[in-house]
Amino acid sequence: METPGSQSSLHRANLERVVRAVRMAGALTQAEIARSTGLSAATVSNIVRELKDGGTVEVTPTSAGGRRARSVSLSGDAGIVIGVDFGHTHLRVAVGNLAHQVLAEESEPLDVDASSAQGFGRAEELVERLIVTTGVNRQKVVGVGLGVPGPIDVESGTLGSTSILPGWTGINPSEELAARLGVPVYVDNDANLGALGELVWGSGRGVRDLAYIKVASGVGAGLVIDGQIYRGPGGTAGEIGHITLDESGPVCRCGNRGCLETFTAARYVLPLLQSSHGADLTMERVVQLARDGDPGCRRVVGDVGRHIGSGVANLCNLLNPSRVVLGGDLAEAGELVLGPIRESVSRYAIPSAARQLSVLPGALGSRAEVLGALALVLSEMGDSSLIENAQPVATPAFT
């Protein structure tokens, strides 16, 4: 039995530190592992050898700074993670491994307003189909990440009251899906998962703090502080859509007037253009028309960007992030929306905060949330099961 402070417990803790670093990064050189964990190069070398002999990690030759190095990643068969993303009009599922490789991905239309039971049933079917398609061992599935377009109560795990998903209020998505799939399910809102996806795979790589802004049926922000998603004690951090821009403005679904959402979300923006472009107009179509030169669409996209920039300026003054990533359909407008965002930030943010900020489009597009769901499992799962097969490497005694 291991006792706290014993050599064996210290060794196990070091094993877990190395596995955790590799698990979150996807692949690291041994020098990078040493820097991120604070362990000595010799200790890292021994631990990597031990994990490799146990089949937990794979080591491949690479180069770093012009020198030969060894890249360490978790073994492709060390475990399987699944991501499920419920959008307002779609369901997307992805299957990946602990080496950050996406093995399969599929999306289908889904009206999540219809029924939560129907949504979970479709998700279960799609997950089972992708498991069969990829041929992965179901026993290797270590967890499922689940994204929903609404706030999750941190204490109860239930979906909070929202007019976006009225039929889902009070539902515990994690328990519902875990009962169907028989594995742990970790749940978060879509903006937080978008932030995680861009942090691990996209435009947020290399930074420790960012805000991911998603504009769709509502407006939300996923906040990353020191490499971790910040949710707040009630799970509602990042509700940037309910910053008040105009106290005499339109009534918002939250009951207040003039929220940022009432000037930027699709449900408020599309009616401005439907008289001239048809009732079936979508935000994706507006962005395409704007890129093609349509003056009305360009004006609306620019106005939306300026309003978003006002909200981002508030974030800059409060949190001073180094990067803001714009996700959703609106990001496809490029500089037509990013330019106005930067203009508002420059006007309303503290100059020192504005100077340090970069505003970028998301690199993952509509995949950000489902990849973020995979990243959520990678961040929440434990490491104990991954190191059971590791065998201590004998080291010479000091003389």
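This is a predicted model: local features need pLDDT of at least 70, side-chain atom pairs count only at pLDDT 80 or more; totals for chains, interfaces and linings use all residues.

Colleague: Okay, how many helices and strands does the chain have?

Modeller: The secondary structure comes to 14 helices and 13 strands, and the C-alpha trace spans about 80 × 50 × 40 Å along its principal axes.

Colleague: And what is the radius of gyration of the chain?

Modeller: The chain has 23 Å, which agrees with the value near 21 Å that a compact globule of 399 residues would have. Of these residues, 52% count as buried.

Colleague: Switching topic, how many salt bridges does the structure hold?

Modeller: There are 16 salt bridges, and one of them joins Glu105 to Arg367, with the closest N and O atoms 2.9 Å apart. Glu105 lies in strand E6 and Arg367 in the loop between strand E13 and helix H14, so this pair ties together parts that are 262 residues apart in sequence.

Colleague: Is Arg367 buried, exposed or partly exposed?

Modeller: Arg367 counts as partly exposed, at 31% relative accessibility, and Glu105 is also partly exposed, at 27%.

Colleague: What about Arg299 and Asp303, how far apart are they in helix H11?

Modeller: They are 4 residues apart in that helix, and therefore separated by about one helical turn, and their side chains meet in a salt bridge at 3.0 Å, N to O. Arg299 is exposed, with a relative accessible area of 55%, whereas Asp303 is partly exposed, at 24%.

Colleague: Which residues are linked in a network of salt bridges?

Modeller: Such a network links Glu106, Glu108, Arg122 and Arg129.

Definitions and conventions:
Residues are numbered from 1 along each chain as its sequence is written. Side-chain values use heavy atoms; hydrogens and water are left out. Helices (H or I, at least four residues) and strands (E, at least two) are DSSP runs, numbered from the N terminus. The radius of gyration is taken over C-alpha atoms; the globule rule is 2.2 Å times the number of residues to the power 0.38. Buried means under 20% relative accessible area, exposed over 50%, partly exposed in between (1.4 Å probe, protein chains only). A salt bridge is a side-chain nitrogen of Lys or Arg within 4 Å of a carboxyl oxygen of Asp or Glu.
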